Amino acid sequence: SAAASVRTIDTAMLSYQTAFPATGYAAALLNLGPGAGNISCPAAGPVVAGACIIDNVLANGAKSGYNFVAAGAVPNAQGAFTQFLATADPSNLNVTGRKGFCGTEDNVVRFIAPDAGAPTRPVCLGNTYSPIGQ
């Protein structure tokens, strides 16, 4: 479930970047959902602060015993984020989960067992984390 949620976040980031090219990737996980304080998408529709791409539960960063974080990084000259990192770590190691997961703009979900805590982007892309079957 956590790996599938990271894939959902990765795909949502790509959709967000397409919908809001001046912003690039979302600054925070919350921006991929209906936005702060909203349970569903507002009648006004998607905006930068609440793109309505993922559900409110995942956008708030906790689902199925895992904690999720995602953020855009490396703004270009115009301020649009050109990279992102999404992570998932068990909320209670060895009880709610054992593996840690991460993803970047290459849309490959990677894992490490046992979980080693939220990685940096270079660690996620390096040899420490292994790609799951795509």
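Entry 1: I began with Glu 105, which counts as partly exposed at 22% relative accessibility. For my own reference, buried means under 20% relative accessible area, exposed means over 50%, and partly exposed lies in between (1.4 Å probe, protein chains only).

I noted that this is a predicted model, where local features need pLDDT of at least 70, side-chain atom pairs count only at pLDDT 80 or more, and totals for chains, interfaces and linings use all residues. Residues are numbered from 1 along each chain as its sequence is written, and side-chain values use heavy atoms, with hydrogens and water left out.

**Entry 2: salt bridges.** Which side chain does Glu 105 meet in a salt bridge? I found Arg 121, at 2.1 Å from N to O. A salt bridge here is a side-chain nitrogen of Lys or Arg within 4 Å of a carboxyl oxygen of Asp or Glu. This pair links distant parts of the chain, 16 residues apart: Arg 121 sits in helix H3 (residues 121-125), and Glu 105 in the loop between strand S4 (100-104) and strand S5 (110-112). Helices (H or I, at least four residues) and strands (E, at least two) are DSSP runs, numbered from the N terminus.

I counted on, and the structure holds 3 salt bridges. Arg 110 pairs with Asp 106, their closest N and O atoms being 2.7 Å apart. Arg 110 is buried at 9% relative accessibility, while Asp 106 is partly exposed at 37%. Lys 63 and Asp 55 also meet, at 3.5 Å from N to O. I looked up both partners: Lys 63 is partly exposed at 28%, and so is Asp 55 at 39%.

**Entry 3: the nonpolar core.** A nonpolar core is a set of buried Ala, Val, Leu, Ile, Met, Phe, Trp, Tyr and Cys residues joined through side-chain atoms within 4.5 Å. Of the 24 residues in the largest one, Ile 9, Leu 32, Phe 68 and Phe 101 touch the most other members. Which helix gives the largest share of this core? I found that H1 does, with 7 residues.

I then followed Leu 32, using contact to mean heavy atoms within 4.5 Å. Leaving aside residues up to four places away in sequence, Leu 32 touches several residues, including Ile 9, Met 13, Tyr 16 and Ile 54.

**Entry 4: helix H1.** Among the buried residues of H1 I listed Val 6, Ile 9, Asp 10 and Met 13. Their cover includes H2, strand S1 (62-63), S2, S3 and S4.
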